[in-house]
Amino acid sequence: EKLEKLDSYDVDDENLEKSVTNNAVTNTTNIGNIDEKNSDTDGDEIIVGIIGDDSEKGKKKKVVNPYLDLLQQRMELARKAYGSYHVAALLCKRDYSLWERSGDVASKIANIYFDAIKYVEKHPVPSSGESQDEEFVDVTNNVTSKSKKFNPHSAGVDELKSERISWIEHTRNAYESADLLRPNGAEIPCKLVQAHMMLENYLEAYTILTKLEADSKGNGLMESYSCYLLYADLMVRIGYECQIWNDGTSHNRAYMFKRWLRKHSRTFDWKERRLQALSFALELAAGTTSCTKLIAWMEKRREEFECSDNDDGMGVDTGADEDADTSTAETADGKANEGEENAGQAKSDASNTTAFDKARAYEKERIELLIRNKVGLNEFDKKSKEMNLVEGSHMHRNRVKAREALVEKHRDAIREIAQKMLANVQETANLHSPHDKPAKKHVSAQGSCANVLDIAGLILNQCVQCGLYECGALVVQSVLSYFRERIARYERRVVKQKEIEKSRHANNGIAQAGFRFDQINFDVEGSEDEDDNILSDDEELEDSNSTSGLLHLLRSGMLPTQLKAMFALCLLGMGGQDHVALNCLEKAIHSTELESWSEENSTFTKKYPSDERRWIIFQESLIAPVNKLSLLASVADMIQNDVKNDFWIPRLLDIFRHFLKDLDKNHGVDKILSGRCEVTRNNAVKLLYAVTELIISNAKSDLISSIETGIDEDKVAQQVVTDIVYAFKIIVRFEEVFWNPNESDWSLPNSSMKTLKLLSSALSALVQASSSGIANNLVQSIKNAFANSCHVMSIICRADSDTLDGLFGWTSSNEEYASEIWESFPLVSEWQLPFHKHISLKTFNLCVASCVSSFSGWEPNEFHLDSLRSRDNGNIFGISISGPSVAGFLSSYITDEIGSQWRMVNSILQNLESVEYERNLSRRMNAEWYQKVKDNLKKKGSEKNTIACFGEHDALRILLSFSNLCLIAAKHS
């Protein structure tokens, strides 16, 4: 009891000082009275006086660290308790409860070591006054005793970790000894599973849980939802091990588990198994009645999963290096099994033949009976006609009744042989399915409202991540059905209580004997028996009134904000209820119950090793509480998966923009992107990409509809230019998010290639809007758009943005100089700024990279043969360097666009020499080297996207659109 009381304190030493100081008497062991002498100490230490029972006896002052003192007291009591239980278990080996208690205390000791490790990592230097040995002087007897206390600093972090592992092994051994005695229930096996998971023995843990489910009481479910929650946690662990194994960073030392990983790490579907386990947990917590639709959906999905994943190797030795004796034994067993299968097949064929004969005999008998009945009825009608009875007479009525009796007799004969055939069919079906799983029994609710909501939150989180939106909607329906069941259960209990009180008043305060037994209806399944189950929140439900408290929440069907928000995501993903879903999502974003984003906590501020940090990130991605940023990031994932329509894109864009505006008031976006929390940072990056994509997509959609209808074309063009300029500003501000090429080999990550696609689409829409706008009010917007486009181009082309001011310094005094340099080819280049030269260099490299697979268009230097790098996408060299200039091939879209822009240049500069672009292009395409390159591409089956693998084609489209925008700006200048 004393150990439990000490364990109830917060393990955070920062919050512990006040509680320990205020409760100094209860926190100390049998050392007498505690008298606080000095309260003006710092946050790490307090000074107390230790006084004996008699104030005349010796006194001594010491400096005490409250948290360390609590650790020492907990460790001392825990070791004593473990020794007592362990010795008792050794003396009474058949008492599993002693082994269980021994394992519980060993687990507590392991937890104390874990707290000590955290303390030492946070306070690596021991504070003054900490000593391993403590002296206590008894002045009366003049004796000095020295006691050895637990001191984390003297042990060190490595030794503490080693000791913790050893105590976890003691925990596992104790639970194994208890489990060998085969106790009832699943509590001890689950504790053993937890110990195995802490020791990374995942195959052993999986085997125990599988056996526990197989030994369940014939209903296919383990007895407690906590067992399935433990199974779900095990799947998360195995999923993480599969991931780091595939990445080549696994350090698991379990030999059998490494063999399993080698074979199944890429195919084991741990997410599906975790989803099934969580659905079983929800069924046990909320009851079968509440989860009927969810159970049916999961059963159908489980059948598909079992068909596609027949062998996962879990709990089975799947190594490829078995001994020859094992192979021989397996061969013999295989032959024996083959013989049994053949015998079973023969028996099945015989049964099928017998069933077919019975069906044929039944059909023959039925036809013969129908013929006899028809003949008998015809003879009866013929005889009645011959009797020539008067209609309505007594004899006529008797004859009609006799005919009806004959018809009913014929029907009874048909029913009799049909029932006989049905009995034969059922008997045959029972013979054919002796190994079928028994039907699931009705399970009553076991969990409180908080338990059901927690499990539902876990399932919804995974459903949103995996795109199982229908399952998420069914989970919410199950929760609401559970609320209705709890209300009905509460009302039945109230009615029953009133009847008992009424009976007591009728019998002078004595309840009628056998009243409850007489009221129970054993024929109605789940009526009264469910009400007798006591749930942890029954008292809270009974104490609440109808206008407030838990009862009011259940009656109103009020879900927590997190569940409502995830339910809105599921409705969005399913479609059909977009308006309701967007309303729920908007309320959740504007709600104060959800945090805007998860700030950096102690998990990420401490210096965790990389492996532990990766595990924390992986775990939090599945079980972290929902916040506004994670919700919108999930919506962003829907957008990436094309789960969207034109109806809710504008409204969703407003939600995104308002959230970013509120978040950026206190520089929240910058804090997130510069923080250590990778999950939160990834969510912010998703949101920024989604906002940019929605802005561009919405602008293009408005522009197309305006051009098609011809309504407010100038006004729409103005708005499109404004929106795209806003998107450009986002990209420029968060340059490190949108553009981060790998400078080691100048390859592009997927995020940067996605940025190129967004810019290509944005500049294309901007050119279209600028071309359609002729009104004077668009001229300034076009100039603003051109300026922001230059900033974007300076980012992707690595040009110096400080020289951009020179782009807008052209005046009419340069006309004479301009007329001289823009008349004949080759054109001079003295007028070019560094910005122009960077763009020219990047254009040349991108064109070469579109034809050469071993060259990246993002190289900072001009193309040369020494810059070729080995790539995984083949070896294509589609350029000619034999002539005075480098020549290659480009797509038809690019060549046509270049020709169109040259014609625009000639229309602006009428004195410029004609380029004759089409003729020169045709001459190049008919060259011998060009035909050889084309033939080589056809032989290798290569496509242009496999050659330009770093977004070079999108980059060329961006350059052409920017060039077109420059010409439009020059035309309106």
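## Salt bridges within helices

Helix 4 (residues 66–91) contains both glutamate 76 and lysine 80, which sit four residues apart, about one turn of the helix. Helices here are DSSP runs of H or I with at least four residues, numbered from the N terminus. This is a predicted model, in which local features need pLDDT of at least 70 and side-chain atom pairs count only at pLDDT 80 or more, while totals for chains, interfaces and linings use all residues. Residues are numbered from 1 along each chain as its sequence is written, and side-chain values use heavy atoms, with hydrogens and water left out.

Side chains of opposite charge can pair when their charged atoms come close. A salt bridge is a side-chain nitrogen of Lys or Arg within 4 Å of a carboxyl oxygen of Asp or Glu.

| glutamate 76 | lysine 80 | 3.5 Å |

Glutamate 299 and arginine 302 are three residues apart in helix 13 (residues 292–308), about one helical turn. Aspartate 412 and arginine 415 are likewise three residues apart, in helix 15 (residues 394–432).

Relative accessible area (1.4 Å probe, protein chains only) is called buried under 20%, exposed over 50% and partly exposed in between. Glutamate 76 is partly exposed at 37%, whereas lysine 80 is exposed at 52%. Glutamate 299 is partly exposed at 29%, but arginine 302 is buried at 11%. Aspartate 412 is partly exposed at 39%, and arginine 415 is partly exposed at 42%.

Elsewhere, a network of salt bridges links Glu100, Asp104, Glu187 and Lys191.

Note on methods: Helix = DSSP H or I, 4+ residues; strand = E, 2+ residues; numbered from the N terminus.
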